[in-house]
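The following exercises are to be worked through with the sequence and the three-dimensional structure at hand. Each task is followed by a solution in steps.

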Amino acid sequence: MMIVMHPHATEEQVQHVCEKLRSLGFDVHRSNGRNYTVLGAIGDPKGLDRRQFELFEGVKEVLKISEPYKLAGRSLHPQDSVLQIRGAQLGGSDVAVMAGPCSVESREQLQTIARSVVGSGATFLRGGAYKPRTSPYAFQGLGEEALDLLRTQADALGGVPVVSEVMDARQIPACVGKVDVIQIGARNMQNFSLLKECGRTGIPVLLKRGMSSTIEEWLMAAEYVMSEGNKNVILCERGIRTFETATRNTLDLSAIPVVKEKTHLPVIVDPSHAMGRRDKILPMARAAVAAGADGLIVEVHHDPDNALSDGPQALLPEMFQV
Ligand code: PEP
Ligand code: MN
């Protein structure tokens, strides 16, 4: 952290800031310029709120130097993380492709879609068992039954890894042994107790970006998982809320190169939830890969008009094949 003093700050005010910094455990490095005195605060005391310094008399500006996400950030881990999940790779040279229905609806539905997407090259099978729906009256997912169906289908198809969302820490035990990647949905990105609980399992976590979250908030959410010991985190950009209403969300493709510079974690993109309609997904999937995404997650349904959730954004199996 660097503190820039006002040109008219008194020596007393400078000393007051220096003393406060030292009392918090910082080493202070002072440089006296022609107009400005700059105090370099060296150290990393916990729980510091920079605003407290902004309010001191004589302080002009407080600048942050190091990022607060030590485990997710690149500074201490410059090389890309490559995750190996049941033989599938995430973060290396390959582009991972996760595909499947929004929700698992029945054995037949899942079997039809899973065979088709894995046959077309999907490297992970996705399917919702616990669904975060806007309406409490909408289909909420089949729960544990869906987890069993996902595992059975995935095993029948050569053991592809399974991705499924949990909304509540109480759902984690049912996932153990069935789900290979736990998804934390956009609505739960800042559910800190859920993040910590997922961090205590060794199961890789797919962390979707919250619909109104900044990149720093998203990386801090990853930090929550990692600080509990689980380093297997995958970030997923899935569109953010903007003033634009033509698409369900606005896919923030610019986040990909920005996040990849800040973190060593794999970054994937979900064009399905970003666009919200199947006729706009393929170009954005291509754009995401061109922008440097390590993978994609897309929804596919063989009968989307009768899907129990997100039918309009489900790709038809033949569209997924392209
Ligand atoms: C989903 O993947 O089906 C889902 C609900 O995603 P999101 O949390 O991105 O809305
Ligand atoms: Mn969905």
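A residue is called buried when its relative accessible area is under 20%, exposed when over 50%, and partly exposed in between (1.4 Å probe, protein chains only). The structure is a predicted model, in which local features need pLDDT of at least 70 and side-chain atom pairs count only at pLDDT 80 or more, while totals for chains, interfaces and linings use all residues. Residues are numbered from 1 along each chain as its sequence is written, and side-chain values use heavy atoms, with hydrogens and water left out.

**Exercise 1. The setting of Cys198**

Task: Determine whether Cys198 is buried or exposed, and state which residues Cys198 touches.

Solution. Helices here are DSSP runs of H or I with at least four residues, strands are runs of E with at least two, and both are numbered from the N terminus. Step two is the accessibility: Cys198 has a relative accessibility of 0% and therefore counts as buried. Step three is the list of neighbours, where contact means heavy atoms within 4.5 Å. Leaving aside residues up to four places away in sequence, Cys198 touches Val166, Ile172, Ile182, Ile184, Val205, Val225 and Asn230.

**Exercise 2. Helix 7**

Task: Compare the length of helix 7 with the expected span, and identify what covers its buried residues.

Solution. First, the expected span of a helix is 1.5 Å times one less than its number of residues. Helix 7 has 13 residues, and its first and last C-alpha atoms are 18 Å apart, close to the expected 18 Å. Second, the buried residues of helix 7 are Ile215, Trp218, Leu219, Ala221, Ala222, Glu223, Val225 and Met226. In general, an α-helix has 3.6 residues a turn, so residues three or four places apart point the same way. Third, the cover over the buried residues of helix 7 includes helix 6, strand 11 (205-208), strand 12 (233-237) and helix 8. Finally, Gly229 follows helix 7 and has a positive phi, near 110 degrees.

**Exercise 3. The crossing of helix 7 and helix 8**

Task: Describe how helix 7 and helix 8 cross, and give the residues that make the contact.

Solution. Begin with the axes, which are lines fitted to C-alpha atoms, for helices over the stretch in contact, with angles from 0 to 180 degrees between N-to-C directions. The axes of helix 7 (residues 215-227) and helix 8 (residues 255-262) come within 11 Å and cross at roughly 45 degrees. Angles under 35 degrees count as roughly parallel, over 145 as roughly antiparallel, 65 to 115 as roughly perpendicular, and the rest as oblique. Helix 7 and helix 8 are therefore oblique to each other. The contact involves Ile215, Trp218 and Leu219 from helix 7, together with Ala255, Val258, Val259 and Lys262 from helix 8.

Notes:
Chains lettered and ligands numbered in written order.
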